[in-house]
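Please read the following report alongside the sequence and the model.

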Amino acid sequence: MISWLGKNRVSDHNRCNICNKNDMQPTHLPSPYYGLMRCIHCGHYQIEIGSTPSDNEEIQLKYFDKNFASRAGYFISHYEGINSRRTVRLLKLKRPTNILEVGPGSGMVMSQLKKIGHNVTGLDISNAVAKNIESRYGLTVVTNSLAEHEESARNVYGAVIMRHVLEHFSDPLKSMKVVCNLLQEGGKLYLAVPNMDSWHIIWRGWTGYEPYHIQYFTRKSIVKCLESSGFKILQIGSYESQSGWVNTFIKSVKTPSTSTTESNMDSGGGRARKIMECARLLFGLIITPVRWVQSLIGRGEELFVVAERRSN
């Protein structure tokens, strides 16, 4: 799920990580883990300085471990299958190419792309994630940082995929400049992050609020981040998943969890879990018209962007 830029540490000042202006203001958003600051210029949100230990890599590895990598079950496969097909459809790749997925999670997107003829590589700092994907799909996942991968892979890829990864990085602007360098001229980027323009942000149980998320993007701030990194925006939109509102409501009435397998990464098991998952799926289907409207007007819980590397 995550990759790391290098041995960078969380910024030691309240300067915006996107526009670099020193006008961050505290918010009253109900994140159960950290206080959030908002930039009055570009609308970007980030955690308050001092809210978390300075070594971000250690935080990420704490959560994206063997338990995360070994998640399985029908419902997990169902939701990941939906997201995988949507990612492939939005990328609109016309011919086979070299593709890098940064933070490949379960490896399902990599597998889908391999089946239709692409040469796919994953990049992650978690050895558990890499081993799981290699054993499940026979696909290569490099365990390295973005910065170290850039040294050997400049201008190699026709596409890079980053689904719910950028919010983990201490320096998102620098990270995206590295990603731009990994792409060939005209190469495509698919990026998805939690959406701070969504209706979910007023609920403390929103799954965008996690102890391993340190950046929070609005439409305005993600556009600025990408355009400042050498990208041209091709498409931008929001998406509301089938399980989004149920997850938000359930987590809002529960005590905040410190385990990914107990929060929004449920692995499933037992009759009670299966009944709950069926109910979650059914409710999502019932409110489909609401979810469609929410997505259409930019208020879905996920913000996605398709972009391409600009010509030099």
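The sections below take up the basis of the model, then the salt bridges, and then a helix and a surface patch.

## Basis of the model

This is a predicted model, in which local features need pLDDT of at least 70 and side-chain atom pairs count only at pLDDT 80 or more, while totals for chains, interfaces and linings use all residues. Residues are numbered from 1 along each chain as its sequence is written, and side-chain values use heavy atoms, with hydrogens and water left out.

## Salt bridges

Side chains of opposite charge can pair when their charged atoms come close. The structure holds four salt bridges (a side-chain nitrogen of Lys or Arg within 4 Å of a carboxyl oxygen of Asp or Glu). One of them joins the side chains of Arg163 and Glu101, with 3.1 Å from N to O. Because Arg163 belongs to strand 7 (residues 157-163) and Glu101 to strand 4 (residues 98-102), this pair ties together parts that are 62 residues apart in sequence; helices (H or I, at least four residues) and strands (E, at least two) are DSSP runs, numbered from the N terminus. Both Arg163 and Glu101 are buried, where buried means under 20% relative accessible area, exposed over 50%, and partly exposed in between (1.4 Å probe, protein chains only).

Another salt bridge is formed by the side chains of Arg154 and Glu150, at 3.0 Å from N to O.

## Lys251, Glu210 and helix 9

Lys251 and Glu210 also form a salt bridge, their closest N and O atoms lying 3.2 Å apart. This pair links distant parts of the chain, with Lys251 in helix 9 (residues 244-253) and Glu210 in the loop between strand 8 (183-194) and strand 9 (215-216), 41 residues apart. Lys251 counts as buried at 14% relative accessibility, and Glu210 counts as buried at 1%.

Helix 9 itself is mostly covered, since seven of its ten residues are buried; among them are Trp245, Val246 and Lys251.

## A nonpolar surface patch

Trp199, Val290, Val293, Leu296 and Ile297 together form a nonpolar patch on the surface, with about 510 Å² of accessible area (Shrake-Rupley method, 1.4 Å probe; for residues, only the protein chains shown count as cover). Patches are made of residues with over 30% relative accessible area and no salt bridge, like charges being joined within 9 Å and nonpolar side chains (Val, Leu, Ile, Met, Phe, Trp, Tyr) within 5 Å.
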